[in-house]
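Here is a quick tour of a protein fold, strand by strand. Have a look at the sequence and the model first, then read on.

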Amino acid sequence: MKVVIAGAGSVGSSIARELLSHHHDVLLIDEKPEVVGRSGLIGARWLIGDACELTTLKDAMLDEADVMVSATGDDKVNLVVSLLAKSEFGVARTVGRVNNPKNDWMFDDSWGVDVAVNTPRLMTALVEEAVEVGDLVRLLTLQTGVASMVEFTVPADSPLSGKTLGSIDWPADTTVTAILRDDAPITPSNDDVIEPGDELFFICTISAEDDLRAVLLPGLPAKD
């Protein structure tokens, strides 16, 4: 897979390092030549230039990329790069880093963003996950304002315990995507029996989160 990453700071470099370890073709774009030496990345290709400029993206042969990752520390740059990648070069998948949570609402398909990664929100969700067993936690927003990945850790006294996934009337626009049990991932099937301590992962529309919470936590009021 060919991946182009705009921004070779700590976030962009970390993404590149992970992708390179999985043998993907990675090109990083950054305005600062010194980032090449200090990144320590082996096997990456580099382009020094402004990722907001069409000429730079043409030099990157972005029309041949499978994924464009906008990982700079400037939300304006990430939005512009995502929009250009989608509208001018037809990149199939764009991932945009959200630095300021207040800008999260802009990172959607109107700006060419397929997946918005809000690091502060994700870190908050992971903290909440560690302390809020028995609550629905949003981990990631997909196509902002449309869908999300959420997690629910089944408490010991949950009425879901002992039931099969297929026996539960899940809300519309909700899919059980994985079960994590004893640190081992399980591909869910209708015959899987829910056990206390299971971590259930769902993809659902954001509007369906309250309905899902009502199924997982019957009798509790919906969150605002």
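## Where S8 meets S11

Ala147 has Thr205 in S11 as its bridge partner. That pair belongs to a run of 7 bridges joining strand S8 (residues 147–153) to strand S11 (residues 199–205), and the two strands run antiparallel. Strands here are DSSP E runs of at least two residues, helices are H or I runs of at least four, and both are numbered from the N terminus. Two strands count as paired if DSSP finds at least two bridges between them.

This is a predicted model, so to speak of local features takes a pLDDT of at least 70, side-chain atom pairs count only at pLDDT 80 or more, and totals for chains, interfaces and linings use all residues. Residues are numbered from 1 along each chain as its sequence is written, and side-chain values use heavy atoms, with hydrogens and water left out.

## The whole sheet

Zoom out and you get an open sheet of 11 strands with mixed pairing, in the order S3-S2-S1-S4-S5-S6-S7-S8-S11-S9-S10. Strand S3 (45–48) and strand S10 (184–186) are the edges, each pairing on one side only. From one strand to the next, the twist averages 25°.

S4 and S5 run parallel, joined by 4 bridges, and Val67 stands opposite Arg93 in S5. S5 also pairs with strand S6 (residues 115–118), again in the parallel sense over 4 bridges; there, Gly96 stands opposite Ala116 in S6.

Together, S4, H4 and S5 make a right-handed β-α-β unit (with the strands pointing away from the viewer, the path from the first strand over the helix to the second runs clockwise). Helix H4 (residues 75–87) lies across strand S1 (2–6), strand S4 (67–70) and strand S5 (93–98), running at about 175° to S5. Axes are lines fitted to C-alpha atoms, for helices over the stretch in contact, and angles run from 0 to 180 degrees between N-to-C directions.

## Cysteines and the chain overall

How many disulfides are there? The count comes to 0, going by cysteine sulfur atoms within 2.5 Å. Cys204 is buried because its relative accessibility is 1%, while Cys52, at 23%, counts as partly exposed. Buried means under 20% relative accessible area, exposed over 50%, and partly exposed in between (1.4 Å probe, protein chains only).

The protein chain has 6 helices and 11 strands, and 45% of its 224 residues count as buried.

Notes:
Contact means heavy atoms within 4.5 Å.
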